[in-house]
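Reader: I've got a model open on my screen and I'd like to go through it with you. Can you help me find my way around?

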Amino acid sequence: MRGLELRRIAMPLVSPFRTSFGTETARDVLLVRAAGETAEGWGECVAMAEPLYSSEHVDGAAEVIRRFLLPEVTALAKSGELTVPRLEAALGRIKGHPMAKAGLLTALLDLSLRESGTSFGAYLGAVKTTVPAGVSVGIMSSIPALLDAVDGYRAQGYVRIKLKIEPGWDVEPVRAVRERFGDDLLLQVDANTAYTLADARQLARLDPFDLLLIEQPLPEDDLRGHAALARQIRTPVCLDESITSARAAADAIALGATSVINVKPGRVGGYLEARRVHDVCAANGVPVWCGGMLETGLGRAANVALAALPNFTLPGDTSASDRYFARDITKPFVLDGGHVAVPTGPGLGVTPDLDYLGEITTATEWLPVLP
């Protein structure tokens, strides 16, 4: 492999996306391009501009790749032993930074698979050609605005609606959506750690609305609290931020802290570990679904392939490209009967539009691996 390119791009969102931890109006995206002799691979780092969802942020992820991950790539390349599994193992000695690691590992995996003519889905073990698409609806300015948004997404064909919630915006918006769209709507909520166990009585007020799940209601390090909450409410508890590895998933399941798990490859350090999370959950009879981090078409392609594995039995946040972007950097993902097609070409199965990529690039940096 010749080297890595770190590329920053600015992607405006079609509308502000508000959660319990903040509002996003644009994505500051870090892309990693792995340049080989006969092909190139792409990875997307899903860290946000600020450390709000997790401790990682885009500037920090670029610095970690540059200073600490690149030497591991170089060492393996010089020894002739550079493979994605070996690199993943080597990166294990560097504590934390799963999103930076995932962006790098995905680029190298994409490169390897393109060189061998293998698709991401085939490599991971996909068993489906399409996956059902859900959509995440941010906290809105009013309930009428929320109902209009949900109505629009339903008209587009999304098969599941996820509502972001926080204290003061929970029972009433859920009630309004359930009353407006009926009991047949697949509906779930996501708190992004906004509550504490002291709010159990308030969260129990969501039980009558027959939700698929409540996602990450309590802080990510409070597994005991989630286990206690799960005993006090009927709505299934799903963990997101708490699941940082397959081991963390096994612990949460053993403690009774979760009965559903949201798998985000960036959060767990890449797609190899994401597959391990899937396998652990499958072995324990715990269903999983694929979460989203407002990815471009590059990250979305990999997520859709992951979501085609057998234990992904619930619709994920694998939305169409136009949910977030007026123009994507790849050929857009579109809904067809509420589903998104799994790419079948080599590697990610999609390539960026280099002309458009040039227009939205804010910085690039070349990091040679071998002279």
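Predicted model: local features only at pLDDT ≥ 70, side-chain atom pairs only at ≥ 80, totals over all residues.

Reader: Is Glu215 buried or exposed?

Author: Glu215 sits in strand β8, residues 214-215. Buried means under 20% relative accessible area. Glu215 falls under that cut-off, so it counts as buried, with a relative accessible area of 0%.

Reader: What separates the C-alpha atoms of Glu215 and Val237?

Author: Along the chain, Glu215 and Val237 are 22 residues apart.

Reader: Moving along to Gln216, what is its phi?

Author: Gln216 lies in the loop between β8 and α8 (223-232). Gln216 is buried, at a relative accessible area of 0%. Although Gln216 is not a glycine, its phi is positive, at about 40°.

Reader: And Asp210, is that one buried or exposed?

Author: Asp210 is in the loop between α7 (200-204) and β8. Asp210 is not a glycine either, and it has a positive phi of about 50°. The cut-off for exposed is over 50%. Asp210 has a relative accessibility of 57%, so it counts as exposed.

Reader: Let's do helices. At what angle do the axes of α2 and α11 cross?

Author: Two packed helices are described by the angle between their axes and the distance between the axes. For α2 (residues 84-91) and α11 (residues 271-283), the axes come within 10 Å. The two helices are therefore roughly perpendicular. Their axes cross at roughly 90°.

Reader: Which residues of α11 meet α2?

Author: The residues of this contact divide into three nonpolar, no polar and three charged. From α2 come Val84, Pro85 and Glu88. In α11 they meet Leu272, Glu273 and Arg276.

Reader: How many residues of α12 are buried?

Author: Among the buried residues of α12 are Gly297, Arg300, Asn303 and Leu306. The helix is largely enclosed by the rest of the structure, because its buried residues number 10 of the 10.

Reader: Which residues are in contact with Thr330, neighbours within four places in sequence aside?

Author: Thr330 is found in the loop between α12 and β12 (339-341). Thr330 is buried, with a relative accessible area of 6%. Leaving out those sequence neighbours, its contacts are Gly297, Leu298, Val350, Thr351 and Pro352.

Reader: What about Tyr153, how far is it from Gly134, C-alpha to C-alpha?

Author: Tyr153 is in helix α5 (residues 143-156), and Tyr153 is buried at 13% relative accessible area. Not counting residues up to four places away in sequence, Tyr153 touches Val135, Val137, Tyr158, Ile161 and Arg323. Gly134 is 19 residues from Tyr153 in sequence, and the distance in space is 9.3 Å.

Reader: How much space lies in the largest cavity?

Author: There are five cavities of 30 Å³ or more in the structure. In the largest cavity, 17 residues form the lining, with Phe17, Lys164, Gly292, Met293 and Leu294 nearest the centre. β1 (3-19), β2 (22-35) and β6 (160-164) each supply at least two lining residues. The space in the largest cavity comes to about 170 Å³.

Reader: Which residues are closest to the centre of the second largest cavity?

Author: The second largest cavity has a volume of about 140 Å³. Its lining divides into 11 nonpolar, seven polar and three charged residues, and β3 (40-45), α3 (98-116), α10 (265-268) and α12 (297-306) each supply at least two of the lining residues. Of the 21 residues lining the second largest cavity, those closest to its centre are Glu44, Val46, Pro265, Gly266 and Tyr271.

Technical notes
Residues numbered from 1 in each chain as written. Heavy atoms only, no water. 1 Å grid on protein atoms, 1.4 Å probe; cavity = no way out; pocket = protein on both sides within 12 Å on 5 of 7 lines; lining within 4 Å. Points joined across faces, edges and corners; volume = space filled by probe spheres on them. Helix = DSSP H or I, 4+ residues; strand = E, 2+ residues; numbered from the N terminus. Nonpolar A, V, L, I, M, F, W, Y, C, P; charged D, E, K, R; others polar. Buried < 20%, exposed > 50% of the residue type's maximum accessible area, 1.4 Å probe, protein only. Contact = heavy atoms within 4.5 Å. Axes fitted to C-alpha atoms, helices over the stretch in contact; angles between N-to-C directions. Parallel < 35°, antiparallel > 145°, perpendicular 65-115°, else oblique.
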